[in-house]
Amino acid sequence: MKNPEAKIRLRIISKSLILSGLCFLLLFSLPSLAKEDASFYLKQASQAYNQGNYRKAEEAFRHLVKMKVNLHEDFYYFYGKTLYHNGQYQKAADNLNTYTETVGSKNKYYRDAKRLLLRSEKKLAKKNHPESQKSSASQQRTSTKESRSVKNKESLTKNESLTKNESSTKKEPLTDRKSSTKKKPSTVKKSTASKPPIPKMKKLPSGRFTMGTNHGADDQRPPHKVSLKKAFAIGQYEVTFAQYDAYTNATGKKQADDLGWGRGNRPVINVTLKNAQDYARWLSKKTGRTFRLPTEAEWEYVARTGVKAQLGFKDLLGLGDANCDDCRYFWQSDSTVEVGEYEANKYGVYDLFGNVWEWTCSIYTKKYYGQEKVCADNRRLLGKTIAVRGGGWDSFSATLKSYVRYNNFPNYSSHDLGFRLVEELK
């Protein structure tokens, strides 16, 4: 073609045809690309969620929302739960609300979603109405002050009448009074200093049981026979703040942080392996008895109650059976609870599952090689981890089994990690 205009037109037409073809291909390939991206983010979200990394899980969930891909109805439950753990209670309530409205009450996550929805609404109410709480607290203070003033007035009138009566009667010698008052506080101090609060112990007979399982993770295998040749005693409860505080007050050691949840009969938390071992040594010196942390084998023996059981007392933990993430009722707070609030096992030992993870004295190995039967040598702990058992208040019920193992470095401490003691019987 000699005409240049015709050549230009042909080029424009060919380019437009190529562009339209590319657009056509993109239109058909976009859904598949979106599906690939969605599967990637779903895997990322599920992995982060299972590891307890809720920040990373939230980011992955956000990407999925932005992509506007057709998602399963359970997505809103897990997204809402993730937002709740991250403190975003309004968004959590919105997602959980959409989930409960779309699914029926027979859905497996429905009850837990309702429970979390009520919790998030309570948290929002506390945030939105702090003034009402302050006013109620101030009213309580004023009422207590008024009652105290009334009581003080009554006591003053009583004292005046007593002084009048005493003036009429003969006065007793001051020396007797001073001697009697001095004796009382001295005896109290001696008794508190010489007798620290001792954890209640339960005696267990020697025995033989199967430790581990073939149905769990690699570190729970193989199942093998373990013989406990000597009888021993184990703490009926986890060591409490009251018991641990007696040790820190007596020795001047640093107190364990309760995170504002309360001390007293709650299990002590935020303690390292050394903290637990130092407490056991101090208590041994004070009482003349031999206390230490349990071995992995001793702990599992107690948790199985000496029988062939996965959990020790029930096949599945449900609502009200323990203090765990999906075992608590909606009105209970996300924290530890006082020891002994839940059912004991057949040996009369409480809170083996949930509330706090418990330190053992055994080195953790990926498979059983005999370390589970003995206490570790503290001089050879460099680069090694220690086995912990039982699960905590933020663990899921699926992990609360007698054979489930976890591990921490000796210098690790956490809001869901405590311990209980074993006593060697003579």
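Hi everyone, let's start in the middle of things: the largest nonpolar core here has 30 residues, and those with the most contacts inside it are Tyr 244, Val 268, Tyr 279, Leu 293, Trp 359, Phe 419 and Leu 421. By nonpolar core I mean a set of buried Ala, Val, Leu, Ile, Met, Phe, Trp, Tyr and Cys residues joined through side-chain atoms within 4.5 Å. Buried means under 20% relative accessible area, exposed means over 50%, and partly exposed is in between, with a 1.4 Å probe and protein chains only.

A quick word on the source: this is a predicted model, where local features need pLDDT of at least 70 and side-chain atom pairs count only at pLDDT 80 or more, while totals for chains, interfaces and linings use all residues. Residues are numbered from 1 along each chain as its sequence is written, and side-chain values use heavy atoms, with hydrogens and water left out.

Let's zoom in on Tyr 244. If we leave aside its neighbours within four places in sequence, Tyr 244 is in contact with Val 239, Ala 256, Val 268, Val 271, Asn 275, Tyr 279 and Phe 419; contact means heavy atoms within 4.5 Å. There is also another core, apart from the largest one, with 25 residues, including Ala 38, Leu 64, Tyr 110 and Ala 113.

Now H8 itself. Its buried residues are Phe 241, Gln 243, Tyr 244, Asp 245, Tyr 247 and Thr 248, and they pack against H9. After H8 comes Gly 252, with a positive phi near 80°.

On H9 you can find Lys 286. Is Lys 286 buried or partly exposed? Its relative accessibility is 39%, so Lys 286 counts as partly exposed.

Next, a pair of helices. The axes of H2 (residues 54-67) and H3 (residues 74-85) come within 9 Å and cross at roughly 140°. Axes are lines fitted to C-alpha atoms, for helices over the stretch in contact, and angles run from 0 to 180 degrees between N-to-C directions. H2 and H3 are therefore oblique to each other: under 35 degrees counts as roughly parallel, over 145 as roughly antiparallel, 65 to 115 as roughly perpendicular and the rest as oblique. Among the residues making the contact are Phe 61 and Leu 64 of H2, and Phe 78 and Leu 83 of H3.

Finally, some backbone details. Most residues other than glycine have a negative phi, and most peptide bonds are trans. Here, a cis peptide bond joins Arg 221 and Pro 222, with omega about -5°. Pro 222 sits in the loop between strand E2 (207-211) and strand E3 (224-228). Asn 270, in the loop between H8 and H9, has a positive phi near 55°. Asn 355 has a positive phi near 70° and lies in the loop between H10 and E6. With 1% relative accessibility, Asn 355 counts as buried.

Methods: Helices (H or I, at least four residues) and strands (E, at least two) are DSSP runs, numbered from the N terminus.
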